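Please read it alongside the sequence and the coordinates.

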Amino acid sequence: MTIERVRTDNPWEDKIGFARAVAAGDRVLVAGTMPLVDGVLQGEGDPYVQTRTALTNALAALTPFGLGADAVLRTRLYLTHLRDVDAAGRAHRELFEATPPVATLVVVSGFVDSRVLVEVELEAFREQSERPSHP
């Protein structure tokens with residue numbers, strides 16, 4: 001089985017040693033996705049903006065595999081505060097309302113950057129015909 005990896009400009013990928021997305025067989029996994037754009041935190045103090053940004057970043061990691069939101073089977077949202085559930089849920093619903101995945105939301109004690117309120121993961125499915133061909 002071929003395993004494909006996608007990395008981004010997130011500085012934590014190099015510091016910790018991980019890929020943004022990994023595809024193996026019919027699955028594409030995206031993890032450790034924070035609300036950063038060009039290494040800059042978006043929506044400081046705003047759980048809606050942070051969730052929307054993190055999910056948008058996670059979905060962008062599916063692009064090299066020819067996939068979008070409709071291929072997502074599972075999402076996981078990690079929040080630092082229970083009070084942010086409604087805002088995070090609204091952002092999630094806006095992106096996945098047409099093709100809802102299964103979802104888990106967990107409240108955690110914190111992230112590597114204390115300003116981050118949310119981090120997301122997702123799992124997507126790709127058909128054999130959607131796999132990029134390699135020469």
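The notes below cover the basis of the model, the sheet, the helices and the pocket.

The model is predicted: local features need pLDDT of at least 70, side-chain atom pairs count only at pLDDT 80 or more, and totals for chains, interfaces and linings use all residues. Residues are numbered from 1 along each chain as its sequence is written, and side-chain values use heavy atoms, with hydrogens and water left out.

**Sheet**

- An open sheet of mixed pairing is formed by 6 strands in the order E1-E2-E3-E8-E6-E7; strands (E, at least two residues) and helices (H or I, at least four) are DSSP runs numbered from the N terminus, and two strands pair if DSSP finds at least two bridges between them.
- Strand E1 (3-6) and E7 are the edge strands; each has a single partner strand, so one side of each has no neighbour in the sheet.
- On average, neighbouring strands of this sheet are turned by 10° against each other, direction ignored (axes are lines fitted to C-alpha atoms, for helices over the stretch in contact, and angles run from 0 to 180 degrees between N-to-C directions).

**Strand pairs**

- Strands E2 (residues 21-24) and E3 (residues 27-33) run antiparallel and are joined by 4 bridges; Ala24 has Arg27 in E3 as its bridge partner.
- The pairing of E6 with E8 is antiparallel, over 7 bridges, and Tyr78 is bridged to Glu119 in E8.
- Strands E6 (residues 72-79) and E7 (residues 102-107) run parallel, with 6 bridges between them.
- Across that pair, Arg76 has Thr104 in E7 as its bridge partner, and Leu77 stands opposite Leu105 in E7.

**Helices**

- Helix H3 (residues 85-96) carries the chain from E6 to E7 in a right-handed β-α-β crossover (with the strands pointing away from the viewer, the path from the first strand over the helix to the second runs clockwise).
- H3 lies across E6 and E7, at about 160° to E6.
- H2 lies across E3, E6 and strand E8 (118-125), at about 35° to E8; contact means heavy atoms within 4.5 Å.

**Largest pocket**

- The largest pocket has a volume of about 210 Å³.
- A pocket is an open set of points on a 1 Å grid over the protein atoms alone, where a 1.4 Å probe fits, with protein on both sides within 12 Å along at least five of seven lines; lining residues have an atom within 4 Å of a point.
- Grid points are joined across faces, edges and corners, and a volume is the space filled by probe spheres set on the points.
- Of the 15 lining residues, Thr8, Asp9, Arg20, Leu36 and Asn57 are the closest to the centre of the largest pocket.
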